[in-house]
Amino acid sequence: MSMPVDTNTVLARAEYEHWWFQSRRAITEYVFWKKLSKTQDTLKILSVGCGTGAELEHIGQFGEVTGIDIDPEVVQFCRAKGLNVVQMNLLDLSFVAETFDIVVAMDVLEHIKEDYKALEKLQYVLKKNGLLLITVPALQCLWSSFDEEGEFPHVRRYTKKSLLSLVDSQKLIQEKISYYNFFLFPVAYFTRKSNKSFASQMIGIPVWQNIILRLIFSFEKYFLPWLSFPLGVSLIGIFKKGNS
């Protein structure tokens, strides 16, 4: 009889080693983090749904980072690494208004039924002229058992139109929005339709395959600053809070 798989243990390893996480970091660094203007002040950054620590360690080089996550085990993973993480539900965000220069929500909103309230909270703690970085899974045609697994399953997958509609409700200014993971879309489509589990997609991938998939996916970073892909497995959006 096979032993049950601990999702957070799988996630903790995958965040460092899996091609998808490695590529997402490469893309967001290229199209967002490296484009930030250099200032004398240390940027205050909030990472919502921060995972087990790999993303926090990555963005920590760009400012002073606070992470929040609803999962107490995830919080413990991060604190064991010396990271500043608070157990908190995004809908109960308790920071005062306009605390952060940058707010990051990487694959978070799809887990929340009242995503408009979640975005309202993110906008509230963002400083005027501050930047919001969002990634979400895209296109309902990719819905599979992968979306339904775990303690916090997905509620939806987004289209560009639905994400923009959500953001427009908060009067955030669009800086960039695009589908991404475009080149691997056919692979993702057939993989999802095979209904492979989260664990099977995250572990046991041959090293050569992990390298090839990372190279293909991360190569999109050279295109995304200049164009928007017509479809993809995910969406990336950069938005600015107005000063009024």
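1. Is Arg-157 buried or exposed? At 7% relative accessibility Arg-157 counts as buried, where buried means under 20% relative accessible area, exposed over 50% and partly exposed in between (1.4 Å probe, protein chains only). Please keep in mind that this is a predicted model, in which local features need pLDDT of at least 70 and side-chain atom pairs count only at pLDDT 80 or more, while totals for chains, interfaces and linings use all residues. Residues are numbered from 1 along each chain as its sequence is written, and side-chain values use heavy atoms, with hydrogens and water left out.

2. Arg-157 lies in the loop between α6 (145-148) and α7 (160-168); helices (H or I, at least four residues) and strands (E, at least two) are DSSP runs, numbered from the N terminus. Leaving aside neighbours within four places in sequence, its contacts (heavy atoms within 4.5 Å) include Pro-137, Trp-143, Asp-147, Arg-192 and Val-233.

3. Pro-137, one of those contacts of Arg-157, stands opposite Ser-234 in β7. Strand β5 (residues 126-137) runs antiparallel to β7 and is joined to it by 7 bridges, two strands being paired if DSSP finds at least two bridges between them.

4. Strand β6 (residues 172-180) also pairs with β7 in the antiparallel sense, over 8 bridges, and within this pairing Ile-177 stands opposite Gly-237. Because 7 of the 8 residues of β7 (residues 234-241) are buried, this strand is largely enclosed by the rest of the structure.

5. Tyr-222, in the loop between α10 and β7, counts as partly exposed at 41% relative accessibility.
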